[in-house]
Amino acid sequence: MSKRRGALVALAELVIAAGVLMAASGVTIASPDDKRWQAVAPGRVESCSGQIKVATDVTGVVDKVLVKASDRVFAGEPLIHLADGEPAARLAAAETQVALRKRARDERSASGSANARRKARDAVANAEQAVYDVRAIVDRAAAEWRAKGGPDDSLTTARSALARAQVELTKRQEELQTTEEDSPLPSLLEGQLSIARSEYAVVRSALDKMTVRAPIDGTVLQVNVRAGELVSPGSPQPPLQLADLSALCLRAELDERDLGSVKVKQPVSVRAAAFPGREFEGIVSSIAPLVEPGRLEPSGSRNQTDVNIVEVMVKLTGSGELMVGMKADVYFRFGQVVDR
C-alpha cells in the first residue's frame, strides 16, 4: 500500500507541476467541464462590412496596376488602368461634334425662357466637364502620391476641388430642372446639340470605365493581375480584393444544440492558434435565423448528428493582430448581455 500511495503522490505532483508550467507560459486549456463557458464554436475572422471583390465593367488589357497588397485606399482612388486608346479617340471625335453643334446653335439667338434654358443647359454641361477634369487631376495626384509617398497636400487639394465640383454640378442640375418646366419645346439646333452632348457623355463614361476605382475606403487584401494581362467582367478571379479593416468580426458556426444558451450582445472571448495564450474580446452582434450544415470543420470530423450549425456573428473589440481569413474559436461567456 505504501508503494501505491507513493506512486499516486508522485503522479499528483507531476500534474500540479504541469499546471504550474502551463500557467506560467500563459496557455489556457479549456476543458469540457470548464464552467466559465456556455458554449464553444469555431469561426473565421472577416471585415464587418464584408470583403469586396473588385471587378472590371469592361474587357480590356491591363496597362497599369497602381496599388499593391496592404495599401490603404480611399473611395474613388484608381486601382487599375486599362489600355484606353480606342475610347480616347472616340471621345475626341465626340468632343468635336459637340463644339460644332454648339457653334451652330449660338448663331441663332434666343430670348425669354428659351434663353434661360439654353444658359442652364450650358451650365450643366460645363459643370459635368469640370467634374470630369478635376477627377483626372485627382487620379494623377493619387498615382504620384502612391508612387513617391511623402506629403499628400496636392492630393488633398484635388479631392477637395472634386467635392466642390460635384456640389456645383448638383446645383446646376436642379436649376435646369426648374428652368425646363416653363420652357417651350427646343429648336432643331438645340436638339442636335443635346444629342451630341449625350453621345459625348456615353463615350466619356466608356473611357472612365477603363479605370478601376476603389468602391470604398479600405485596405487592399489581394492583387491578382499584372500589366499586360486581359481582364473581363466574367473573369473567375477578381483583379483585386479589398475590405474595410477598421472593424473586424468573426463568423462562428455554433452547434444547434447550444443555440438556447447564446444571446445577442452576449460577451465572448476569442482564441486563435496563431496567438497561443492570448484572448481577444467580442460581442455577439447577430444570430442567423437558419440551421444549416457546417462548413469550417473537415469532412468526417464530427458525428452525423452534430453537423447542423447556426451562424453567429461576433463583433470584435480590440482585435489587435487578428487578420481577415484567420480561424479562431469563440468562447461564449456566462452572464448578462451588455448594452453597447
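A charge sits over a ring if NZ of Lys or CZ of Arg is within 6 Å of the ring centre and within 35 degrees of the ring normal. The legends below describe a predicted model, in which local features need pLDDT of at least 70 and side-chain atom pairs count only at pLDDT 80 or more, while totals for chains, interfaces and linings use all residues. Residues are numbered from 1 along each chain as its sequence is written, and side-chain values use heavy atoms, with hydrogens and water left out.

**View 1. Arg-271 and the face of Tyr-331.** Arg-271 lies over the face of Tyr-331, 4.3 Å from the ring centre. Arg-271 belongs to strand S11 (residues 267-271); strands (E, at least two residues) and helices (H or I, at least four) are DSSP runs numbered from the N terminus. With a relative accessible area of 11%, Arg-271 is buried (buried is under 20% relative accessible area, exposed over 50%, partly exposed in between, with a 1.4 Å probe and protein chains only). The side chains of Arg-271 and Glu-279 are joined by a polar contact of 2.5 Å. Such a contact is a pair of N or O atoms within 3.5 Å; within protein, one must be able to donate a hydrogen and the other to accept it, and residues adjacent in sequence count only if both atoms are side-chain atoms.

**View 2. The two aromatic pairs.** Rings of Phe, Tyr and Trp (its six-membered ring) pair if their centres lie within 6.5 Å; planes under 30 degrees apart count as stacked, over 60 as edge-to-face and the rest as tilted. The structure holds two such pairs. Trp-37 and Tyr-331 form a tilted pair, 5.2 Å centre to centre with 55 degrees between the planes. This pair links distant parts of the chain, with Trp-37 in strand S1 (residues 37-47) and Tyr-331 in strand S14 (residues 327-333), 294 residues apart. Trp-37 and Tyr-331 are both buried. Phe-275 and Phe-280 form an edge-to-face pair, at 5.9 Å centre to centre and 75 degrees between the planes. Phe-275 and Phe-280 are buried as well.

**View 3. Arg-159 over Phe-74.** The charged end of Arg-159 sits over the ring of Phe-74, 3.9 Å from the ring centre.
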